Amino acid sequence: MRKALILVAASLALSGSASAACVGTGNYSSCYDANTGNSYSVQRYGNTTYMQGSNPNGSTWSQNSTTVGNTTLHTGTAANGNSWSGTSTHIGNTTINSGMDSRGNPYSSTCVNGYCN
């Protein structure tokens, strides 16, 4: 679950969500995702993206992502209040994801052309 949230949040931060309605500029957006009921803000400063959001039940979450070269470092706080962290490294058409989820469990996946295992 945490791996999926990291990947989704990273994708949202970089490209926007097909189901989310966002207003704002390239540097700051406020969004609402009708499919999940999440609302969130996205702030971009150079190679760093900050996201803060809330779920329909009132819990909050956050994610900070910084890209250095071909690697993006992610840190955040899940809706359950626990911290998590991970990295995404892009090599050609392959992305390697790894980190620690908000329950303290390690995760990893490799994605090729958008298909992950």
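Let us begin with the hairpin of β8 and β9, which has 5 residues between its strands. In the turn of this hairpin, G104 has a positive phi of about 85 degrees. The strands themselves, β8 (residues 94–100) and β9 (residues 106–112), pair in the antiparallel sense over 7 bridges. Two strands are said to pair if DSSP finds at least two bridges between them. Strands here are DSSP runs of E with at least two residues, numbered from the N terminus.

A word on the source: this is a predicted model, in which local features need pLDDT of at least 70 and side-chain atom pairs count only at pLDDT 80 or more, while totals for chains, interfaces and linings use all residues. Residues are numbered from 1 along each chain as its sequence is written, and side-chain values use heavy atoms, with hydrogens and water left out.

Strand β8 also has a partner in β7 (residues 83–91), again antiparallel and over 7 bridges. These two strands form a hairpin with 2 residues between them, and G92 in the turn has a positive phi of about 65 degrees.

Please turn now to strand β5 (60–68). On one side of our account is β4 (48–54), which pairs with β5 in the antiparallel sense over 7 bridges. Within this pairing, Y50 stands opposite N64. The β4 and β5 hairpin has 5 residues between its strands, and G58 in the turn has a positive phi of about 95 degrees. Is G58 buried or exposed? At 52% relative accessibility, G58 counts as exposed; the term exposed means over 50% relative accessible area, buried means under 20%, and partly exposed lies in between, with a 1.4 Å probe and protein chains only. The C-alpha atoms of G58 and N38 are separated by 9.5 Å, and these residues are 20 apart along the chain.

Strand β5 also pairs with β6 (residues 71–77), in the antiparallel sense and over 7 bridges. There, T67 has T72 as its bridge partner in β6. The hairpin of β5 and β6 has 2 residues between the strands, and G69 in the turn has a positive phi of about 65 degrees.

Next, the aromatic rings. A search of the whole structure finds 2 aromatic pairs. One of them is Y40 with W61, a tilted pair at 6.1 Å centre to centre and 45 degrees between the planes. Rings of Phe, Tyr and Trp (its six-membered ring) pair if their centres lie within 6.5 Å; planes under 30 degrees apart count as stacked, over 60 as edge-to-face and the rest as tilted. This pair links distant parts of the chain, with Y40 in strand β3 (residues 39–45) and W61 in β5, 21 residues apart. Both Y40 and W61 are buried.

Finally, the structure holds 2 disulfides, a disulfide being a pair of cysteine sulfur atoms within 2.5 Å. C22 and C31 form one, with sulfur atoms 2.1 Å apart. The torsion about its S-S bond is about 110 degrees, so this disulfide is right-handed. C22 is partly exposed at 39% relative accessible area, whereas C31 is buried at 6%. C111 and C116 form a disulfide with sulfur atoms 2.0 Å apart, and with 105 degrees about the S-S bond, this link is right-handed. C111 counts as buried at 7%, whereas C116 is partly exposed at 48%.

Technical notes. Helix = DSSP H or I, 4+ residues; strand = E, 2+ residues; numbered from the N terminus.
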